Amino acid sequence: MMLDITFYGVRGSTPCSGHHVARYGGNTSCVVVSVPGEPPIICDLGTGLRYFGADVGRRPDSGPFRATALVTHLHWDHVQGLPFFAPVLDPAAQLEVIGPIQDDRSLEDAMCEAISPPMFPIPLADLPGRITFRELGRTCLSVGSAIVSVFDVPHVGPTNGYRIDAGRASVAYMSDFQQPIVDNGEPPVPPGVLDAIRGVDVLIHDAQYDHDEFATKATWGHCTVTYAVDVARAAGAKRLVLFHHDPLHDDEWIDRAVAEAADRADGAVEVMAAREGLVLRSETVGGEP
Ligand SMILES: [Zn+2]
Ligand SMILES: [Zn+2]
């Protein structure tokens with residue numbers, strides 16, 4: 001079984017551009033996980049999604065577009081790419097959007113409200129392709145030959161994390177993670193999260209802040225690079241991919257963060273930073289070649 005992971009958007013909060021962020025990229029969260037020969041699984045629909053749409057358009061015709069989207073939560077940086085995703089302009093396209101259970105309305109109503117006049121020129125329902133919505137809390141489901149585990153992640157508002165297992169290859173995606181605020185000692189890892197991601201090949205984890213930034217933004221829903229390493233080590237993950245880079249951070253900042261994270265990982269976990277265009281293939285993440 002093979003599993004490919006392609007990063008189209010790696011930034012948190014808001015898109016950014018310029019030479020200082022050119023190497024890692026400025027689009028917001030969008031990661032495509034695929035078992036070759038099967039419809040893709042899209043983790044979040046940030047502005048990187050538009051570039052995945054362009055890639056789909058360049059492929060030889062393989063029939064109407066089909067995909068499942070796993071949306072962590074509805075903050076702009078995770079859904080803003082949807083109305084700019086060219087494949088859903090085809091009336092034959094089908095996209096199922098899975099997301100967290102909302103507190104006060106349905107997932108579909110919340111998305112339709114966000115993508116509607118006057119904030120967007122047309123209602124979401126007027127896009128030609130068929131887009132359906134499914135709200136899920138903690139559960140497991142099959143998507144093609146992959147098993148997707150859905151679990152709660154602490155953030156601001158209802159937020160899911162996702163683990164995808166295909167054969168012996170596995171990846172977990174937690175884009176935004178509110179680090180526990182503690183007076184003393186190391187912040188703990190929520191047991192539900194730890195159970196869900198244990199032993200995963202690739203852990204894609206929020207790495208928005210350093211210690212000083214966290215001190216002033218402790219309730220903004222994110223964590224430090226250090227905490228991401230500690231989560232990966234506690235879970236026994238093989239590889240940590242630092243993700244959801246702060247738009248204030250230039251390429252050199254992220255280079256330094258990777259070096260510091262590798263020090264803390266101390267060989268127990270391989271550390272790298274997500275960048276646009278990065279592809280991790282199954283032979284490098286475990287599973288059969
Ligand atoms: Zn975010
Ligand atoms: Zn968020």
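Predicted model: local features only at pLDDT ≥ 70, side-chain atom pairs only at ≥ 80, totals over all residues.
1. Let's begin with Pro118, which sits in the loop between helix H3 (107-114) and strand S6 (130-135).

2. Most residues other than glycine have a negative phi. You will find Ser13 in the loop between strand S1 (4-9) and strand S2 (30-34). Is Ser13 buried, partly exposed or exposed? Its relative accessibility is 36%, so Ser13 counts as partly exposed, given that this class runs between the 20% limit for buried and the 50% limit for exposed.

3. Asp266 has a positive phi as well, near 55°, and Asp266 is not a glycine either. The loop that holds Asp266 runs between helix H7 (251-265) and strand S13 (270-273). With a relative accessible area of 61%, Asp266 is exposed, because exposed means over 50%.

4. Now for the sheet. In what order do the strands of the open sheet with 7 strands stand? The order is S7-S8-S9-S10-S11-S12-S13, and the pairing is mixed. Strand S7 (139-143) and S13 are at the edges; each has a single partner strand, so one side of each has no neighbour in the sheet. From one strand to the next, the twist averages 20°.

5. Helix H6 (residues 225-235) lies across strand S10 (169-174), strand S11 (202-206) and strand S12 (239-243), and runs at about 150° to S11. H7 also packs on the sheet, where H7 touches S12 and S13 and has a direction at about 170° to that of S13.

6. Stay with H6 for a moment. How many of the 11 residues of H6 are buried? The count is 9, so the helix is mostly covered, as buried means under 20% relative accessible area. Among them are Val225, Tyr227, Val229 and Asp230. The cover over the buried residues of H6 includes S10, helix H4 (191-197), S11, helix H5 (211-216), S12 and H7. Just after H6 comes Gly236, with a positive phi of about 70°.

7. Last, the largest pocket. It holds about 540 Å³ of space. Of the 25 residues that line the largest pocket, Pro40, Val56, Arg59, Ser62 and Phe65 lie nearest its centre. S1, S2 and helix H1 (49-58) are the elements that give two or more residues to this lining. Which element gives the most to the lining of the largest pocket? That is S1, with 4 residues. By type, the lining of the largest pocket has 13 nonpolar, 6 polar and 6 charged residues.

Methods
Residues numbered from 1 in each chain as written. Chains lettered and ligands numbered in written order. Heavy atoms only, no water. Buried < 20%, exposed > 50% of the residue type's maximum accessible area, 1.4 Å probe, protein only. Pairing = 2+ DSSP bridges. Axes fitted to C-alpha atoms, helices over the stretch in contact; angles between N-to-C directions. Contact = heavy atoms within 4.5 Å. 1 Å grid on protein atoms, 1.4 Å probe; cavity = no way out; pocket = protein on both sides within 12 Å on 5 of 7 lines; lining within 4 Å. Points joined across faces, edges and corners; volume = space filled by probe spheres on them. Nonpolar A, V, L, I, M, F, W, Y, C, P; charged D, E, K, R; others polar.
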